[in-house]
Amino acid sequence: MLAISVMNGLVIGVIYALAALGVSLVVGIMNVINFAHGELYILAGYFSFLFASTLGMPFAPAMGLAVALVFLFGLLIERLLIRPTYGNDMYSLILTFILSIVLQNAFLLIFGPYPNKPPLWVRGASEIFGLFSYGNQRLAALVSGAALIALVFLVLQKTWFGRIIRATSQDRAMAEWNGVNTTRLNMLSFGLGCALAAAAGVILSPVFPVTPTAGVPIALTAFVVVVLGGMGSMWGCVVGGLLLGLVENLGAAFISSGYKNVFGFLILILVLLVRPSGLFGRAKL
Amino acid sequence: MTTSVKWIWPAVLVGMCLLPLGVGIYPQHVLIVSLFYVMMAASWNLLAGYTGQVSFGHAAMAGIGAYTSGILAAKAGLNPWIGIAAGTLFAALLGLGLGALCLKMGGIYLSLTTLAFSQILHIIIVNEYEVTRGTMGLQVPGLIPEYSKLAYYYILLAATVLVLFILYRMIHSNLGLNFRAVQNDETAARAVGVRVLHLRVLAFTAASAMAGFAGGLYGHYLLLVTPEIPSLDLQFYVLAMTVIGGMGSFVGPILGAFAINILAEKIRDYGEYHVLVFGLVALATARFAPEGLIGVWRSLRRRPAR
């Protein structure tokens, strides 16, 4: 029981971390929270379902295509909705909230309220350290999620593009004086943030099927992770995501499964009370 | 302009009193629901329009009012009017707590925390079905011994006038001046001695109390309190009404609430498209006419004079 809960916590924790990285990237650079983050996660799930199950594509290109489309959609959202609100954070909150409701209702109209599930990548189960058997699909989700997070960190730490992102999130004006085209960077990082939500969506949707409103708890948890880790902190996302995944699953197993999502909220309140800047946050945003 | 303002409010009030007479039960119901939305949108506007705080927990506060009063009346047999007062107070206390907790960290934190709060409330209501009857809904007694749409209409009208009066006095006082100062330039306001944090928490507490009050009345009108009241859909409605009507103007949300609630009933005849339609309209309004219909009207009036 304990071992399985820990395992489940790690799988979902990696996905939380991935989704939170997307939120954190956008907050760090643009100081904008995208309340439609969860709906983009769901959109990618629907796309990969559409390409793989309905059109019969193999799962890998279907997933790649789904993430690419959501990336383009993210660029479009930034250009059409977010860019005119620069300097007025309130309107970006309102606009993305409305967008999330619009997308939920569009999903409901197009796909119906039923859960949709893209095909599994792998079948069967494996023995873990001889302790318990665990679904191969979940293991694959864990490994691919962790690999993607590693890739994000590699890009951020080792490439020129990563250096631009880190510079801009540390000091926007200074980055501009050094020649960074911050308008272009905003658009690109917003798209990438959406793509990270999409990646989380395509990885997890074979395990947890997508419904029009299933993105809400995922996005909410990602937001809590971002606050817990510290707004704009990338390491905070990874540590916070894993922590929240573990707390939720252990809480569900040993306290109450109906209140799984409440534990995240309790953590949020605790963080705001004790250390509002989060685990790895800068004191002032 | 100033001379016409003097008689326009009494005239509107007389008109509102005469409006439900001679129409059927169903239009009366639509009007009552509209009054609930007027209270919700006008008090949400105090936050978003006047103090620059985007709360996603306003519907949740209405739910707090409705469930507090409903549970007290249905389980403890308390008089619904006392229940509504208790619900209003409870919503105010929660608003005070949430506001004090996250407002010192800035606007984004309030949005995140209120969104989380509304989700958690939803989960608690669904899980504690022994107390709340979950998604089935809690049957609650009415406010008056004999059910009559007309009587409920006048009760909600009186409540709406009360809420709007308090809001009007708040906005057109020194307090309102401080609200505007904070929204225009927080640093400058702080520099001339405005206590920004106190002001924000005060506005959030007052708006939460109003939402709790409106929710309590609404629950006792419907006679059934369901998780539909503290839902994100209702929150979206309130937000869309305010944004489309005109955020930051006193009249905008009132007109927006009436217009959208009545239009929603019309669109509903063609299927469940109304949320999608209003979402797209609200998206376009927030993007292209951030001051809403009132703002469009004002700029049209101003243009010929220039």
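**Figure 1. Helices α1(A) and α9(A) meet in a right-handed crossing.** In this predicted model, helix α1 (residues 2–30) of chain A packs against helix α9 (residues 215–229) of chain A at an angle of about 65°. Their axes lie 8 Å apart. Look along α1(A) for its share of the contact: A:Tyr16, A:Ala19, A:Ala20, A:Val23, A:Ser24 and A:Val27. From α9(A) come A:Ile218, A:Thr221, A:Ala222, A:Phe223, A:Val225 and A:Val226. Sorted by class, the contact of α1(A) with α9(A) holds 10 nonpolar and 2 polar residues, with no charged residues.

**Figure 2. Chain B and chain A in contact, seen from the chain B side.** Chain B brings 32 residues to this contact, and chain A brings 33 residues. On the side of chain B that touches chain A, the elements giving two or more residues are α4 (80–102), α5 (107–127), α11 (232–245) and α13 (274–288) of chain B. Of these, α5(B) gives the most, with 11 residues. The residues on this side of chain B divide into 23 nonpolar, 8 polar and 1 charged.

**Figure 3. Helix α13(B), with its buried and exposed residues.** A quick check of the helix length comes first. The buried residues of α13(B) are B:Val275, B:Phe278, B:Gly279, B:Ala282, B:Leu283, B:Thr285 and B:Ala286. They sit on the same side of α13(B) because they cover an arc of only 165° around the axis. As a handy reminder, an α-helix has 3.6 residues a turn, so residues three or four places apart point the same way. Turn to the other side of α13(B) and you will find B:Ala284 and B:Phe288, which are exposed.

Figure 4. Is A:Ile164 buried or exposed? A:Ile164 is buried, because 20 other C-beta atoms lie within 10 Å, and the cut-off for a buried residue is 20 or more. Leaving aside residues up to four places away in sequence, A:Ile164 touches A:Val180 and A:Leu185. For a sense of scale, consider A:Leu268, which is 104 residues from A:Ile164 along the chain. The C-alpha atoms of A:Ile164 and A:Leu268 are separated by 31 Å.

How values were computed. Residues are numbered from 1 along each chain as its sequence is written. Chains are lettered from A and ligands numbered from 1 in the order in which they are written. This is a predicted model: local features need pLDDT of at least 70, side-chain atom pairs count only at pLDDT 80 or more; totals for chains, interfaces and linings use all residues. Two residues are in contact if their C-beta atoms, placed from the backbone, lie within 7 Å. Helices (H or I, at least four residues) and strands (E, at least two) are DSSP runs, numbered from the N terminus. Ala, Val, Leu, Ile, Met, Phe, Trp, Tyr, Cys and Pro count as nonpolar, Asp, Glu, Lys and Arg as charged, and the others, Gly among them, as polar. Axes are lines fitted to C-alpha atoms, for helices over the stretch in contact, and angles run from 0 to 180 degrees between N-to-C directions. A crossing is left-handed if the near helix is turned anticlockwise from the far one by less than a right angle, and right-handed if clockwise. A residue is buried if 20 or more other C-beta atoms lie within 10 Å of its own, exposed if 12 or fewer, and partly exposed in between; C-beta atoms are placed from the backbone. The arc is that of the directions from the helix axis to the C-beta atoms.
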